[in-house]
Amino acid sequence: MSDLKQIPAIPDPDAIEPSDVYDLYFGPNHPGIEGNYSIRVRLSGDRIIEAVADGGYLHRGFEKIMEERLWMQNIALVPRICVPDPVPMEETYARSVEMIGGLTPPERAQWIRVLMLETSRICAHLFTFGGNAATVGLYTNMFWGVTMRDLFLDIFEEITGARIYHIYITPGGVRRDLPDGVLDRLEALLDELERRMPQFEDLFFNNAVVINRASGTGSMSAEQALAWGATGPNLRACGVASDIRRDDPYLVYPQLDFDIVTEEGGDALARMMVRKGEVVQSVRILRQVIPRLRELKGPVRCPLPNPLAWDLPAGEAYARTESSKGELAFYTVSSGGPRPYRVHVRGASSMHAVQVLEHLLTGARIEDVAQIMFSLDACPPEVDR
Amino acid sequence: MTIPAPLDEVLGELPLVAARLTAPRRVRVDARPENLPALLELLKGRLGFFHLSAISCVDWLEEGQFELVYHVWSDKLKLLLSAHVRIPREPGEYVSIYDLHEPAGFFERDIHEMFGVVFDGALSLDRFILTSWDGPPPMRKDFDARKYAEETFSTVNYHPDWLKDIEAAGGGLEE
């Protein structure tokens with residue numbers, strides 16, 4: 001095992017042999033690192049000969065805490081596992097509880113959940129556009145992406161009362177129905193996003209700096225991506241049309257018309273092109289969801305007992321979701337009682353921020369570390385949990 | 001709901017405890033620990049279970065066992081199979097499947113760190129998340145997180161001197 005995994009003692013400068021090989025600690029505080037995360041890289045010149053991912057800076061023990069909380073209380077915890085894309089956390093946990101309890105959310109609640117999920121996907125991808133652009137020195141795009149995302153957070157705030165940690169999707173449905181007029185405002189915002197997309201295109205994707213820096217950077221073949229456990233946009237950027245919404249469908253996704261966006265090349269550019277295409281597809285899905293929600297009436301929660309005295313039967317469930325990062329899954333176990341016996345969170349970044357990242361960094365140049373990490377859209381809190 | 005015939009055929013080749021559909025596209029298999037690697041290899045080779053979605057660990061303290069659950073997905077069958085094995089909690093040792101599924105490297109390291117299970121042949125069992133932790137594996141059921149926190153961290157009664165001065169002058173925090 002490499003000694004790069006151990007934090008070394010400070011060496012005596014006189015005892016160091018001359019060498020062109022040196023170690024660099026990339027993070028946990030570094031503008032080119034995503035979140036609180038660290039990568040230790042061994043370099044020869046500016047070429048990486050070994051990379052070791054180092055997590056744990058955001059470990060908050062969610063899985064342990066969830067064993068102490070009531071089934072319903074955990075809804076307040078789960079969105080915090082991934083800040084940029086919190087809705088899939090709520091939805092996947094709630095669905096795993098529903099699978100154990102034999103609950104089916106009312107149809108209107110399922111459509112609302114899809115609205116929340118796809119809006120969250122747009123937000124997450126806009127955020128990533130911004131972060132990715134910044135890694136190649138394009139800060140305008142970052143401001144534009146974050147600004148556009150903020151307008152969608154206004155919609156979340158209107159629906160749920162919160163911008164990030166919505167605590168809105170609960171086992172059995174959603175916490176409350178949509179406020180009057182929000183569908184009109186979301187529709188207008190989608191128009192605005194579509195108006196701005198060509199500007200993003202010109203600023204980012206038709207930009208010589210982006211094309212030159214991202215083409216061929218951090219590339220992997222489809223075989224490698226599958227072997228390393230890549231999922232979501234990172235896998236689809238290698239030409240593999242894999243999407244849990246289509247392959248292992250949930251909610252009302254089978255009723256929705258959308259394309260699975262793929263690209264060839266498997267490099268940083270292809271990964272961002274997939275995300276751009278997915279924003280377009282999410283808008284397309286939302287344009288189907290909005291009219292359906294206008295005509296569909298009914299409850300948004302199925303009847304539940306008092307959440308403070310709610311025992312679930314013994315059982316287990318493995319719920320999977322296609323989040324903006326890739327495959328998200330909750331393995332939830334009940335021993336029959338008021339709280340989970342075990343909850344295991346499988347985040348897509350568990351693969352992308354560790355093994356996939358280590359593979360892609362080996363042989364890369366130091367200036368591409370940030371871009372490779374951001375192009376994988378790795379979310380460190382999802383790894384640490 | 002019935003188990004697809006090709007899967008039923010493969011499962012029949014190993015002396016398994018039980019296999020059943022638990023939900024649409026979800027199969028639960030209870031295997032003997034000595035059969036699990038062969039089972040996963042058969043599933044991968046014959047039925048396209050290429051994707052290791054996760055390995056989960058559950059600590060059944062009263063039974064003195066760890067339950068390891070291997071979740072694998074087949075794109076060919078559109079099916080998620082969860083293969084369960086139970087191993088004795090002491091000494092808590094099992095074999096790695098890293099040679100078969102590379103993503104196992106992360107999950108085995110995580111389970112070792114959080115539950116103390118040792119996987120023979122694992123990619124790495126080095127600390128990843130709990131780098132400076134010197135306590136017992138914290139996800140074990142006999143580790144009391146609340147007790148640990150109460151014993152390790154002190155609580156602060158927030159009543160600074162400047163506030164006492166304000167209170168003496170008739171002001172203070174509103175209750």
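Trainee: Into which domains is chain A divided?
Mentor: In this predicted model, chain A is divided into domain 1, covering 3–54, and domain 2, covering 62–384. The C-alpha centres of domain 1 and domain 2 of chain A lie 32 Å apart.

Trainee: How many residues does the contact take from each of those domains of chain A?
Mentor: The contact takes 17 residues from domain 1 of chain A and 20 residues from domain 2 of chain A. On the side of domain 1 of chain A that touches domain 2 of chain A, β2 (38–44) and β3 (47–54) of chain A each supply at least two residues, and the largest share, 6 residues, comes from β3(A). Sorted by class, that side of domain 1 of chain A has 10 nonpolar, 3 polar and 4 charged residues.

Trainee: And between the chains, how many residues does the contact take from chain A and from chain B?
Mentor: The contact takes 28 residues from chain A and 28 residues from chain B. Elements giving two or more residues to the side of chain A that touches chain B include α7 (222–228), β7 (326–337) and α11 (349–361) of chain A, and by class that side has 11 nonpolar, 8 polar and 9 charged residues.

Trainee: What ipTM does the predictor give the complex?
Mentor: The predictor gives an ipTM of 0.88 for the complex, together with a pTM of 0.89. For chain B, the mean pLDDT is 89, and 96% of its residues reach 70 or more.

Trainee: Where in chain B is confidence lowest, and where is it highest?
Mentor: Within chain B, confidence is lowest in helix α1 (residues 5–11) of chain B, with a mean of 83, and highest in strand β4 (residues 65–74) of chain B, at 96.

Trainee: Switching topic, which residues of α2(B) are buried?
Mentor: In α2(B), the buried residues are Leu36(B), Leu39(B), Leu40(B), Leu43(B) and Leu47(B). Viewed down the axis of α2(B), its buried residues fall within an arc of 95°, so they line one face of the helix.

Trainee: Why would residues a few places apart point the same way?
Mentor: An α-helix has 3.6 residues a turn, so residues three or four places apart point the same way.

Trainee: What covers the buried residues of α2(B), and what is on its other side?
Mentor: The cover for the buried residues of α2(B) includes α1, β4 and β5 (79–88) of chain B, whereas Ala38(B) and Gly45(B) are exposed on the other side of α2(B). Following α2(B) is Gly48(B), whose phi is positive, near 75°.

Trainee: Is Glu108(B) buried or exposed?
Mentor: Glu108(B), which is found in helix α3 (residues 104–115) of chain B, counts as buried, because it has 26 C-beta neighbours inside 10 Å. Leaving aside neighbours within four places in sequence, Glu108(B) is in contact with Ile55(B), Ser96(B), Tyr98(B), Phe119(B) and Ala122(B).

Notes:
Residues are numbered from 1 along each chain as its sequence is written. Chains are lettered from A and ligands numbered from 1 in the order in which they are written. This is a predicted model: local features need pLDDT of at least 70, side-chain atom pairs count only at pLDDT 80 or more; totals for chains, interfaces and linings use all residues. Domain bounds come from an automatic or database domain assignment. Two residues are in contact if their C-beta atoms, placed from the backbone, lie within 7 Å. Helices (H or I, at least four residues) and strands (E, at least two) are DSSP runs, numbered from the N terminus. Ala, Val, Leu, Ile, Met, Phe, Trp, Tyr, Cys and Pro count as nonpolar, Asp, Glu, Lys and Arg as charged, and the others, Gly among them, as polar. pLDDT is the predictor's confidence in each residue, from 0 to 100. A residue is buried if 20 or more other C-beta atoms lie within 10 Å of its own, exposed if 12 or fewer, and partly exposed in between; C-beta atoms are placed from the backbone. The arc is that of the directions from the helix axis to the C-beta atoms.
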